[in-house]
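This report describes selected side-chain pairs and two individual residues. The sequence and structure come first.

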Amino acid sequence: MGELLSVQTPNKNISYKHNANKQRVAKLINGEITEKYLWANLTTLLAIYDKDDNLIQRFEYADQRMPNSMTMGSEKYYLHYDQIGSLRAISDTFS
C-alpha cells in the first residue's frame with residue numbers, strides 16, 4: 001500500500017510496524033524497537049517516543065494539516081513550508 005516496510009544496510013536491518021490504518025507505529029533495528037509513534041488521527045503525528053516511552057519529539061499544529069513546530073528535549077523548532085506544503089526550512093526562532 002506504499003508504506004516503507006524495511007531497509008537493509010550492510011550493518012543493520014531496519015523495519016517498521018504499521019497499524020490497521022497503515023500508520024507507522026514502531027521502528028525496529030535488528031528486531032529491537034527503537035522508536036514508537038503516537039497519532040491523534042489518520043494524519044496527525046503527535047509524538048515520537050524511544051523504546052522506553054521517553055519523549056523524543058513532540059509536534060504542534062495550528063491548522064490540523066501540517067505541524068508548525070516540533071520540540072526536542074527543551075528546544076523548540078519552527079517548521080517553514082512553501083506554497084504547496086513542502087518543508088523548506090527549520091529554525092529555532094519564528095520568522
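## Salt bridges and two residues

In this predicted model, E60 and R58 are joined through their side chains by a salt bridge, with N to O at 3.1 Å. E60 is partly exposed at a relative accessible area of 25%, and R58 is also partly exposed, at 36%. Together with K76, R58 and E60 belong to a network of salt bridges.

The structure has 5 salt bridges. Three of the pairs are listed here.

| Pair | N to O distance |
|---|---|
| E60 and R58 | 3.1 Å |
| K36 and D53 | 2.9 Å |
| D82 and R88 | 2.9 Å |

The salt bridge between K36 and D53 links distant parts of the chain: K36 lies in strand 4 and D53 in the loop between strand 5 and strand 6, 17 residues apart. K36 has 25% relative accessibility and counts as partly exposed.

In the pair of D82 and R88, D82 has a relative accessible area of 19%, so it is buried, whereas R88 is exposed at 60%.

Two further residues complete the account. T44 sits in the loop between strand 4 (32-39) and strand 5 (45-50). With a relative accessibility of 2%, T44 is buried. Its side chain makes a polar contact of 2.9 Å with the side chain of N41. Leaving aside residues up to four places away in sequence, T44 touches L38, W39, Y61 and Q64.

A89 belongs to strand 9 (residues 87-91) and is partly exposed, at 34%. With residues up to four places away in sequence again left out, A89 touches Y78, L79 and H80. The C-alpha atoms of A89 and L79 are 6.2 Å apart, although 10 residues separate the two along the chain.

Key:
Residues numbered from 1 in each chain as written. Predicted model: local features only at pLDDT ≥ 70, side-chain atom pairs only at ≥ 80, totals over all residues. Heavy atoms only, no water. Helix = DSSP H or I, 4+ residues; strand = E, 2+ residues; numbered from the N terminus. Buried < 20%, exposed > 50% of the residue type's maximum accessible area, 1.4 Å probe, protein only. Polar contact = N/O pair within 3.5 Å; in protein donor to acceptor, adjacent residues only side chain to side chain. Contact = heavy atoms within 4.5 Å. Salt bridge = Lys/Arg side-chain N within 4 Å of Asp/Glu carboxyl O.
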